[in-house]
Amino acid sequence: MVSAQSRLVARVTLVTRVTLGKRVLVHPGAVIGSDGFGLAFERDHWVKIPQLGGVRIGDDCEIGANTTIDRGALEDTVLEEDVRLDNQIQIAHNVHVGAHTAMAGCAAVAGSAKIGRYCMIGGNAGVLGHLELADRVTITAKSLVTHSIREPGEYSSGTPLQDNRQWRKSAARFKHLDDFARRLAALEKDKNDE
């Protein structure tokens, strides 16, 4: 169902059980309501799990070009009112996005994640499945959210680009960083005590 004053631009595909609120703008190539990535491994092969839910998009949302929003497995995938999605974003099955949230290009939200209200997700950021983000959370570009975020604020992850050999060394040392920092602080304390 497409409500009043909503506009679908060229090559938009509404697949199954899709409801668009009022004044929704869907840019070219967007696909809404396709099957989610519902699979189960049985002995020696993958079995497709039927996707029975739909997609509900609230009033005043904007969906960018070539963005995909999968329908839910059992319940609906939901975008509340005034959600703004840039181009080439993936919203997986059963995701719930709170009102007034915005996501930049190439962001991806995995299945059954819940994004709060007034959140901002930077370009090429990812949110793993079944996680929850509180209201008013900002995720900076290229970050990967690997655990639920319960407090508002700005969060980042990732490392800057380096020569591959140097990056490998840094990655190996990263897991020891806290220990190195404690040992350095202890050495500085001993030096100051002299």
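**Strands, salt bridges and a buried histidine**

Colleague: In this predicted model, how do strands E15 and E18 pair, and over how many bridges?

Modeller: Strand E15, residues 102-103, and strand E18, residues 120-121, pair in the parallel sense over 2 bridges. Ala-102 stands opposite Met-120 in E18.

Colleague: Which strands form the open sheet, and in what order?

Modeller: The sheet has 8 strands in the order E1-E4-E9-E12-E15-E18-E21-E23, with parallel pairing.

Colleague: Which strands stand at the edges?

Modeller: The edges are E1 and strand E23 (153-155); each has a single partner strand, so one side of each is left without a neighbour in the sheet.

Colleague: What about E5? Which strands does E5 pair with?

Modeller: Strand E2 (residues 13-14) is joined to strand E5 (residues 31-34) by 2 bridges, and the two run parallel. E5 also pairs with strand E10 (residues 68-70), in the parallel sense over 3 bridges. You can follow this at Val-31: Val-31 is the bridge partner of Thr-13, and Val-31 stands opposite Thr-68 in E10.

Colleague: Changing topic: how many salt bridges does the structure hold?

Modeller: The structure holds 12 salt bridges. One of them joins the side chains of Arg-23 and Asp-60, at 2.6 Å from N to O. That pair links distant parts of the chain, 37 residues apart: Arg-23 is in the loop between strand E3 (18-20) and strand E4 (25-26), while Asp-60 is in the loop between strand E8 (55-57) and strand E9 (62-63).

Colleague: Are Arg-23 and Asp-60 buried, exposed or partly exposed?

Modeller: Arg-23 counts as partly exposed because its relative accessibility is 39%. Asp-60 is also partly exposed, at 27%.

Colleague: Which residue forms a salt bridge with Arg-183?

Modeller: The side chain of Arg-183 meets that of Asp-179 at 3.6 Å, N to O. These two residues are 4 residues apart in helix H2, so they are separated by about one helical turn. Another salt bridge, at 3.8 Å, joins Glu-42 and Arg-43; Glu-42 is partly exposed at 38%, whereas Arg-43 is exposed at 77%.

Colleague: Where is His-93, and is His-93 buried or exposed?

Modeller: His-93 is in the loop between strand E13 (90-91) and strand E14 (96-97). It counts as buried because its relative accessibility is 16%, and the cut-off for buried is under 20%.

Colleague: What does His-93 touch?

Modeller: Leaving aside residues up to four places away in sequence, its contacts include Phe-37, Gln-51, Asp-70, Arg-71 and Ser-112.

Colleague: Finally, which domains are assigned, and how far apart are their centres?

Modeller: The assignment gives domain 1 (7-155) and domain 2 (160-193). Their C-alpha centres lie 38 Å apart.

Terms used
Residues are numbered from 1 along each chain as its sequence is written. This is a predicted model: local features need pLDDT of at least 70, side-chain atom pairs count only at pLDDT 80 or more; totals for chains, interfaces and linings use all residues. Side-chain values use heavy atoms; hydrogens and water are left out. Domain bounds come from an automatic or database domain assignment. Two strands pair if DSSP finds at least two bridges between them. Buried means under 20% relative accessible area, exposed over 50%, partly exposed in between (1.4 Å probe, protein chains only). Contact means heavy atoms within 4.5 Å. A salt bridge is a side-chain nitrogen of Lys or Arg within 4 Å of a carboxyl oxygen of Asp or Glu.
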